[in-house]
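Hi,

Here is the structure for you to take over.

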Amino acid sequence: EIDPGYAAPYAGLAMAYQLDHQNRWSDVPEASLEKAQHFANEATAKDDLDPFGHYVAALVALSKKDYKRWLYEADRALSLNPNYAPALSARGMLHIYTGEPMKALPYIERAMRLDPAFQQQYLHFLAMAYFVAGNFETAAALFKDRIAINPTTDLSRAFLASALGHLGKLEEAREVWHELKEINPGYSHVEHIGRLPFRDP
């Protein structure tokens, strides 16, 4: 109200609605995604030079599986600030979800170096890159590191259980799945994976 041209709050609203869609915090996550798109567009229209707005627009494009805009927005954020760790992570995630996981590693590793306070989130994506690449040993170790930092994560546990299954460690996989169901009794891996933006189902 005080400064209608100030873009960051619009980007913040877009982020809040995108996170609601991603985490299913409300009863209307699909409506939240459309609101996220609206506010991300508002943010970038009001200030094309704010990397945060472009980063959030990349996250919204991620949720909408709009790979072309995802790439554009992440690259635009990085052109404005090459050291912007969240945009580096978003750029790396694009490679994971489009089937080129090893190309994601330098982006995510750089994000981790630049933003160690957010390491637990980057660890999950680093582990995912190795998981998608079929390196289940490394993926399992990294998912365990992420769980140690964020003990209530369900998605990292789901991927860890799968990685352990691929390694033939079925008893350990069952234990991890049991922990997951204690944390989130209503968890559905099929539903959760279904809303991740993998290009190839």
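**Helix pairs**

Helix α9 passes α10 in a left-handed crossing. The residues involved on α9 are Arg157, Ala158, Leu160, Ala161, Leu164 and Gly165. On α10 they are Leu170, Glu172, Ala173, Val176, Trp177, Glu179, Leu180 and Ile183. By class, that contact has 10 nonpolar residues, one polar and three charged. As for geometry, the axes of α9 (residues 155-166) and α10 (residues 170-183) come within 8 Å. They cross at roughly 165°. Angles over 145 degrees count as roughly antiparallel, so α9 is roughly antiparallel to α10.

Please keep in mind that this is a predicted model.

Next, α4 and α5. Helix α4 spans 67-80, and helix α5 covers residues 85-97. Their axes lie 8 Å apart, and the packing angle is about 150°. The two helices are therefore roughly antiparallel to each other. The crossing of α4 past α5 is left-handed. From α4, the contact takes in Tyr67, Trp70, Leu71, Ala74, Asp75, Ala77 and Leu78. From α5, it takes in Ala87, Leu88, Ala90, Arg91, Met93, Leu94 and Tyr97. The class count for α4 with α5 is 12 nonpolar, two charged and no polar residues.

Then α2 and α3. Helix α2 runs over 29-46, and α3 over 51-63. Their axes come within 9 Å and cross at roughly 150°. That makes α2 roughly antiparallel to α3. Again the crossing is left-handed, with α2 passing α3. Leu33, Ala36, Gln37, Ala40 and Thr44 contribute from α2. Gly53, His54, Ala57, Val60 and Ser63 contribute from α3. Here the classes split into five nonpolar and five polar, with no charged residues.

**Loops**

Arg24 sits in the loop between α1 (8-23) and α2. Its phi is near 60°, a positive value in a residue other than glycine.

With a relative accessible area of 36%, Lys65 is partly exposed.

What about Pro185: buried or exposed? Pro185 is exposed, with a relative accessible area of 61%. It belongs to the loop between α10 and α11. For a distance check, take Pro185 and Glu34, which are 151 residues apart along the chain. Their C-alpha atoms are separated by 28 Å.

**Confidence**

How high is the mean pLDDT of the protein? The mean is 95, and 100% of the residues reach 70 or more. Which element has the lowest mean pLDDT? That is helix α11 (residues 189-194), at 86. The highest belongs to helix α6 (residues 101-114), at 98.

Over to you.

Best wishes

Key:
Residues numbered from 1 in each chain as written. Predicted model: local features only at pLDDT ≥ 70, side-chain atom pairs only at ≥ 80, totals over all residues. Heavy atoms only, no water. Helix = DSSP H or I, 4+ residues; strand = E, 2+ residues; numbered from the N terminus. Buried < 20%, exposed > 50% of the residue type's maximum accessible area, 1.4 Å probe, protein only. Axes fitted to C-alpha atoms, helices over the stretch in contact; angles between N-to-C directions. Parallel < 35°, antiparallel > 145°, perpendicular 65-115°, else oblique. Left-handed = near helix turned anticlockwise from the far one by under 90°. Contact = heavy atoms within 4.5 Å. Nonpolar A, V, L, I, M, F, W, Y, C, P; charged D, E, K, R; others polar. pLDDT = per-residue confidence, 0-100.
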